[in-house]
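Please read the points below alongside the sequence and the model.

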Amino acid sequence: MSAPPADAFGHPGEVVPVGGVLPDPKSPAPTRSGATPGAAGEAAVRGPSRLPYLLSTVGLESMTAVTAPFLGRTLGAAPFALAGVEAAGRAGSAAARYGRNQLADRQPGLRGFLDLAGSAGLALAAGFFAASSVLWQAGACRAGSWAARGLGTPALEEHASVAAPAHQLGRRLGFERSIGALGAAVGALLVAVLLEVTDTRGVIGYALIPVALAVVVSIFGLRRGRADAPPPSAPTQIKITKLRGGPLGILLLGIVCYEASNIAVVLLLLRASKIVSVSEALPVVQRVALCYGLYQLSAAACAVVAGRLTDRAAASLVLAAGGLSLLGAYLGLAWASAGDDAIVVLCLLLAGAAAGAVDTAEFTGVARLTSPDSRRAAFGVLAGLQSGGRVFATLTAGGLWTLIGPKAGLLVCGPLLVAAIVIFAVRVDRPSRAQRAAPPAAGAPEPRA
């Protein structure tokens, strides 16, 4: 039997068994879980991890929508303190997520327990966060909620990249990013409604409800998780030396510059709370929550659009457009005057568009420039660069905001954004003509909620 045809990158194509005929030995090797890539991706789509992840997203983002006014107004935190809390949370989330992936590689049957532990930890952190009365308590609980979130976050991007054919990578990854953003938008908009009947502390308490539902769903998913668990595999070894140089190295350099200027959204919401006009009909906290909901809706919409664009053009061009959008948001928020509500809304829409489009394009570009056997390690490196860069940007912006003013805090990231845009303009990951014109694979799973 002849070898399967190669794809646009020289990787052997997949042979589909017909009528019980065994596949060609030269067809793609099984993944670490023992299943073919398509089967692994389809199992991931059907897996029990998505629902508890989305429910915990609603709870966590409900807290995010009121974190800035709760820490800043209720507890009197300075911008640098708020930045430190968010940076610690981001770092803890990245470490917990990496640990989860390592444990799941060794013992796949633990995935359900990790989902449960993440949801339960988030519920505890939310409860203590609502009851905290001093800054250090609230900061520890907020950072703990992010760490719990990382522990309960499945590797959805990796599974999506395995399940999708090469010409639909962006579409599938954009779908995953948009679903998470929609869950966050639901949480933010629920906050705007709840603020009609309670205060910020009460809203954080209500955030326990979706997180508690995530705990219940995780408990019911444990039995199915054990039944569907693949065999153990070797833990992922991240070798950065193999990812240096060439087109991938250039793309990662641009990503480093971009993420080092990607300030935590909580600081943007803090700035928005200082600009929006005061009204008895709609308090400032409620307006900021609505703005955050619009931010997430913009991220969801632009993730879908960016995914389709990256399947037809270079992901680096989408990244450059996202950098311009974020730069415009920083400039607008830095120079806006009190009462410029329209500018605040526009800037948060621009920032949300950058968040959704850039996250999608980053994973698509990295996936396009790596082979399937090294993609997981590359995604691990990308996640580390994202977390490290955002921690740096948040701490730098928060420190300058406290010492000098909000303009200095927001504009300090401008030069890095400009450098990232220039690097992305190289267009290092253009899809080939064959890849753009490839027909949908027979039986390829379609994105679905």
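1. Arg 100 is buried, at a relative accessible area of 3%, and Asp 115 is buried as well, at 5%. Buried here means under 20% relative accessible area, exposed means over 50%, and partly exposed is in between (1.4 Å probe, protein chains only). Arg 100 and Asp 115 form a salt bridge whose closest N and O atoms are 2.9 Å apart. Because Arg 100 sits in helix H3 and Asp 115 in helix H4 (residues 111-131), the pair ties together parts 15 residues apart in sequence. A salt bridge is counted when a side-chain nitrogen of Lys or Arg is within 4 Å of a carboxyl oxygen of Asp or Glu. Helices are DSSP runs (H or I, at least four residues), numbered from the N terminus.

2. This is a predicted model: local features need pLDDT of at least 70, side-chain atom pairs count only at pLDDT 80 or more, and totals for chains, interfaces and linings use all residues. Residues are numbered from 1 along each chain as its sequence is written, and side-chain values use heavy atoms, without hydrogens or water.

3. How many salt bridges does a search of the whole structure find? The search finds eight. One of them joins Glu 157 to Arg 97, with the closest N and O atoms 2.8 Å apart. Glu 157 belongs to helix H6 (residues 156-163) and Arg 97 to helix H3 (residues 79-106), so the link spans distant parts of the chain, 60 residues apart. Glu 157 is partly exposed at 22% relative accessible area, and Arg 97 is partly exposed at 24%.

4. Arg 390 pairs with Asp 359 in a salt bridge, the closest N and O atoms being 3.0 Å apart. Both residues are buried. Arg 390 is in helix H15 (residues 372-403) and Asp 359 in helix H14 (residues 341-368), so the bridge ties together parts 31 residues apart in sequence. Through shared partners, salt bridges join Arg 177, Glu 259, Asp 359 and Arg 390 into one network.

5. A nonpolar surface patch is formed by Leu 182, Leu 189, Leu 290, Leu 294, Leu 297 and Leu 349, with about 420 Å² of accessible area together. Helix H7 (169-194) and helix H12 (284-312) each give two or more residues to the patch. The largest share, three residues, comes from H12. Leu 297, in helix H12, is partly exposed at 37%. Patch residues have over 30% relative accessible area and no salt bridge, with nonpolar side chains joined within 5 Å and like charges within 9 Å.

6. The protein averages a pLDDT of 81, and 79% of the residues score at least 70. pLDDT is the predictor's confidence in each residue, from 0 to 100. Over residues 1-48 the pLDDT is below 50.

Notes
Accessible areas come from the Shrake-Rupley method with a 1.4 Å probe; for residues, only the protein chains shown count as cover. Contact means heavy atoms within 4.5 Å.
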